[in-house]
Every structure is written in C-alpha cells, then in structure tokens.
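Visitor: I am new to reading structures. Could we walk through this one together?

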Amino acid sequence: MALKSKTGKTRSDLRLRAETTLPTRKAGAFRLLVYGDSQDKNLLLALVKGKIRPGEPTLVRLHSQCLTGDVFGSERCDCGEQLDAALTMIGKAGNGVLIYMFDEGRGIGLLNKIRAYALQDRGRDTVEANHALGFAADMRDYKAGADILLDLGVREARLMTNNPDKVRQLGEYGLTVTERVPVEVAPGKANRGYLRTKRTKFGHLLSMVGENPEAETANQDPVKARPKR
C-alpha cells in the first residue's frame, strides 16, 4: 500500500517492501525497513530503534548515501563519521530513526560524483565541480524521507543535521523540527576545504571550520555531536 497522508491522500508511491532485524556492531539492534516503489527501482532504508511515540520528539537522521565515506572511510568528506555518530547517538538514546537515502553526491550519482572529485583535484570546489558537470549544487529532495518518517509515526523530530535546508524541507513536508542536533566532524587535512565550502556556499552550521586554519587546528576534537538543550 502506498504511503498515505492524514487525509488519506497518497503522499508517495513508496511502500514498505521488506522488514528484518539488523544487529549492528556500534549501536545494537535496529528494525531495518526497506521502502520502494512498485518496481523496486527507488529504494530507501529506515533503521528504527525503540518505539516511536507520535506525541514525543523523535531523534532523526536523514543520511544521504556516500559510498566512499560510509564504506571505504574516505577522508575527503565527513559523511562516514556523521553516519557513525548518528547511529551511536540513536543507540545511546535507545530510540530514534535513521533514513538512508540513495542519492549519492547530493543527487548526481556515484559516477558523476567521482567526475566531480576529479575536477576538485584540479582546483574546483564542490559547487564549482557540480556546475561544470551541468548539475545544480545540491539536487536532493527530502520528501520521500519525510513521508517515511510520517508513515512510521514520527510527527516531531529532533533532527541530527548541520544543514538548515533539511530543517526547512521537513517542515514543508509536514514534520515539526523541535530541535536541530549538530553532528559535527573536526576538519582534517583532506576535508578542510570541503567543509569550508559547506559552510560558506551551502550555509551549513559548522563551528569548527573557518577561514583561519590555525584556529581550526586548536579545536580538533574527535567527532563532535553536541545536542543543544
């Protein structure tokens, strides 16, 4: 059955296609739900821990696939460390949802992401590389993720993100973001420029990256995830 809104109208052509239990090394066991369209071409995953209570804010992360960071531990970005931090935070809380979206490279796909990396190797930043390939800086839309959260019973979210656009979009798609929970990664040699671009061109709220590399070095904590109370 396709996902429905409160009024009964179809919100998305996604539907629950499979469900199992996924024990993880770092954050314990989750319910793993696979949502897909009728042809199983567009898939999203939901990792759910604990019981979702619609009357209480739920700890939530919408995470975009990054094969190089999530799987291979790439230091060009902060994606893998953010994924680990988010799962750890949900594990400690004992309750929460992580939506894993297969929109590699801000929606341009794996092949074009690697092409963009090659342009970055020659001096362009993330935004400039995407534009050179004919893409917008960020192609992502979070409607499907929001629809899955609503299907799971989430109405209010403590959203783990540094990206104000995620906060804005979830609000537009029917969820109330009661709190933005930062998931910051200390800048390193290989990703400092990337994080600066996220801050200056995408508006990400990053406190450990700035114009002064010396100040950054003095602030080099491990993965930093600081809920604001």
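## Pocket, sheet and cavity

Visitor: What is the volume of the largest pocket?

Guide: A pocket is found on a 1 Å grid over the protein atoms alone, as an open set of points with protein on both sides within 12 Å along at least five of seven lines. Grid points are joined across faces, edges and corners, and a volume is the space filled by probe spheres set on the points. For the largest pocket, that gives about 440 Å³.

Visitor: What pLDDT do local features need here?

Guide: Residues are numbered from 1 along each chain as its sequence is written, and side-chain values use heavy atoms, with hydrogens and water left out. This is a predicted model: totals for chains, interfaces and linings use all residues, side-chain atom pairs count only at pLDDT 80 or more, and local features need pLDDT of at least 70.

Visitor: Which residues are closest to the centre of the largest pocket?

Guide: The largest pocket, of about 440 Å³, has 15 lining residues. Lining residues have an atom within 4 Å of a point. The closest to the centre are T24, D70, L83, D84 and L87.

Visitor: Which element gives the most to that lining?

Guide: Elements are DSSP runs numbered from the N terminus: helices (H or I) have at least four residues, strands (E) at least two. Those giving two or more residues to the lining of the largest pocket are β3, β5 (43–49), α1 (67–71), α2 (79–93) and β7 (96–101). With three residues, the most comes from α2.

Visitor: Which strands are at the edges of the sheet?

Guide: Seven strands form an open, mixed sheet in the order β3-β4-β5-β7-β6-β8-β9. Two strands pair if DSSP finds at least two bridges between them. Two strands pair on one side only: β3 (15–24) and β9 (176–181).

Visitor: By how many degrees are neighbouring strands of this sheet turned against each other on average?

Guide: Axes are lines fitted to C-alpha atoms, and angles run from 0 to 180 degrees between N-to-C directions. Here direction is ignored. The average is 25 degrees.

Visitor: Which residue in β4 is the bridge partner of L16?

Guide: Strands of a sheet pair through backbone hydrogen bonds, either parallel or antiparallel. β3 and β4 (residues 28–36) pair in the antiparallel sense, over nine bridges. The β4 partner of L16 is Y35.

Visitor: Is A29 buried, exposed or in between?

Guide: A29 is in strand β4. Buried means under 20% relative accessible area, exposed over 50%, and partly exposed in between (1.4 Å probe, protein chains only). The relative accessible area of A29 is 44%, so A29 is partly exposed.

Visitor: Which residue in β9 is the bridge partner of E156?

Guide: Strand β8 (residues 156–160) has four buried residues out of five. β8 pairs in the parallel sense with β6 (residues 58–64) over three bridges. β8 also pairs in the parallel sense with β9, over five bridges. The β9 partner of E156 is T176.

Visitor: What is the volume of the largest cavity?

Guide: A cavity is a set of grid points where a 1.4 Å probe fits but cannot get out. The count comes to one cavity of 30 Å³ or more. The largest cavity has a volume of about 400 Å³.

Visitor: Which residues lie nearest the centre of the largest cavity?

Guide: α4 (110–121) gives the most to this lining, with four residues. The lining holds 27 residues. Nearest the centre are C79, G105, R106, R140 and Y194.

Visitor: Which side chains make polar contacts with the side chain of R140?

Guide: R140 is in the loop between α5 (126–132) and α6 (143–151). R140 is buried, because its relative accessible area is 14%. A polar contact is a pair of N or O atoms within 3.5 Å; within protein, one must be able to donate a hydrogen and the other to accept it, and residues adjacent in sequence count only if both atoms are side-chain atoms. At 3.0 Å the partner is S64, and at 2.8 Å the partner is D138.

Visitor: Which residues does T126 touch, not counting those up to four places away in sequence?

Guide: T126 lies in helix α5. At 8% relative accessible area, T126 is buried. Contact means heavy atoms within 4.5 Å. T126 touches R106, Q120, Y194 and T197.
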